[in-house]
Amino acid sequence: MNQEKLSRELTENTAFLDSIFGNSGDFYTRHFEISGVRCCIAMFAGLSSPEKLCVMVLHELERERFIEPDGEKLMQALMNRSYLPAEPETVKDRTALVEMLTSGMAVLLIDGSREALTFSTQDMVQRSVGNPSGEGNIRGPQDAFTEHLRNNISQLRRQFRTQDFVAEICTANTRAKTEYCICYDRSLAPAEVVRKMRECLQKIRIPILLDSTYFASFLKQDKLNLFPAAAYTERPAVACARLCEGKIVVLVSGSPLAMVVPNFFAEHFECLDDYSSGAVFAGLIRMLKYLAFLLSVFGPGLYVMAVSYAPEVIPVRLLAKLAQGEASTPLPPMAEMLAVTLLLEIVREAGLRAPKSISHTVSLVGALILGETAVSAGIVSVPVLTMAAAATIATLAVPSLYEQSILFRFAVIVLAGLFGVPGIACGFLTVLAMACGSDSFGYDYLYPLIPAKHAAWRDGFVRTIWSRLAQWGEVLGTRGEKQT
């Protein structure tokens, strides 16, 4: 983009805009005079509202009477002595001029002035605030983020009503110049973490930014580590809860997902209902989620290992059933489990990507092929199908770790089929090493689970009652310290 300063000649500035946007049907300009000085209003129809422009600018200019000899003094008069609701910062170069126009601002150019006034007249068509589609909760607020950046900031501002809430709006290094916002509580968030986050995002250069998840791979220290570098939420209430813990929330224009950093492993097993339900019930549900994650990753691998290498660990009656099922299928246990797991993932992906009008057909055909037909034909045994289906359902209990569960599951099945018990142990140690090796901006990724101290039972594996939980600090840098 051209970094030249704006010209004093109005004709040169308008010629520059015409050379860039002149062929665009939604580019709108209007020429007029103020005290004999030629001026021009520029905007994009659809991004800016002509009605707002008339009310905010044109009508006010008609009421004002300025007697200024040149454009420079007229600019100062409009900025300092008029009632025009102009933005505090003027446009001084061509790069800023284009960015203001494409972000929905209306720009007033004045002949004889190297600066231009901007007015917030945005009126973009947007989706209204609705219910979250990917984070189901029974209690708590039911509103969700939308694709409009400033609406998302306002939702956080309404719930986080403190003077310490900071929302830094920046422009990404992309061809589209997408805006993103870094939100944090300056009294809770460590300044060093905020600085590192700000510098890291400023250094990122990508062709396009459509979602906050695009930033994730740049935040990883170890690119081969499969655990996510950040958490994501579409609920403003969850984002506010993370802000109260001293974390940083990153919003991207056009994305309804907020990115939360630093991220800890235990947080993938938490939800809003845990803190609105009783402590005993919430602890039970959280333990079930941990068991579901272990089942989704190691369940199929343990089945393959037990059937192929250690049948003595299986009860006799169950072993007879498993042997009967395996005898009727042509494939060995590892290949059979891999095939069934792969087919289940294909059916899931097809049902997710298919148009809604035919998605039910995908589910029906998948159930017939993987269920009745495959078992009746002797291609797949019932125990293998049952274990693969149970692992797939268990994966849905922790949706934020869905991708990691699938990848770990395939790796564990292969290791268990090739090496047996040592393969399972190798898979477990690999997963544990990745979790221990994750660097979440200098914080322990497995906090508060490992080392298992009081914090693990306060708000880790289970949750204690609110009267005790509120006495302990759960803020970055002060975790485990009692509040006074």
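Contact, as the word is used here, means heavy atoms within 4.5 Å. The structure is a predicted model, in which local features need pLDDT of at least 70, side-chain atom pairs count only at pLDDT 80 or more, and totals for chains, interfaces and linings use all residues. Residues are numbered from 1 along each chain as its sequence is written, and side-chain values use heavy atoms, with hydrogens and water left out.

Helices (H or I, at least four residues) and strands (E, at least two) are DSSP runs, numbered from the N terminus. Two strands pair if DSSP finds at least two bridges between them. Axes are lines fitted to C-alpha atoms, for helices over the stretch in contact, and angles run from 0 to 180 degrees between N-to-C directions.

Strands β1 and β2 run antiparallel and are joined by 8 bridges; R30 has I41 in β2 as its bridge partner.

Another open sheet consists of 5 strands, ordered β5-β6-β8-β9-β7 with antiparallel pairing. Strands β5 (165–171) and β7 (231–233) stand at the edges with a single partner strand each, so one side of each is left without a neighbour in the sheet. Neighbouring strands here are turned by 25° against each other on average, direction ignored. Between β6 (residues 179–185) and β8 (residues 248–252), which run antiparallel, there are 4 bridges, and I182 stands opposite V250 in β8. Helix α8 (residues 236–243) lies across β5, β6, β7, β8 and β9 (258–261), running at about 50° to β6.

A nonpolar core is a set of buried Ala, Val, Leu, Ile, Met, Phe, Trp, Tyr and Cys residues joined through side-chain atoms within 4.5 Å. Buried means under 20% relative accessible area, exposed over 50%, and partly exposed in between (1.4 Å probe, protein chains only). The largest such core has 25 residues, and Y180, M197, F215 and I248 have the most contacts inside it. The elements that give two or more residues to this core are β5, β6, α6 (191–203), β8 and β9, with the largest share, 5 residues, coming from α6. Beyond its neighbours within four places in sequence, Y180 touches several residues, including L149, L201, F215 and V250. A second, separate core of 22 residues includes F265, A266, A416 and L449.

Aromatic rings form a further theme. Rings of Phe, Tyr and Trp (its six-membered ring) pair if their centres lie within 6.5 Å; planes under 30 degrees apart count as stacked, over 60 as edge-to-face and the rest as tilted. The whole structure holds 16 aromatic pairs. In one of them, the rings of F27 and F44 have centres 5.3 Å apart and planes at 55°, so the pair is tilted. F27 belongs to β1 (residues 27–34) and F44 to β2 (residues 37–44), 17 residues apart. F27 is buried, with a relative accessible area of 13%, and F44 is buried at 6%. F298 and F428 form another tilted pair, 5.9 Å centre to centre with 50° between the planes.
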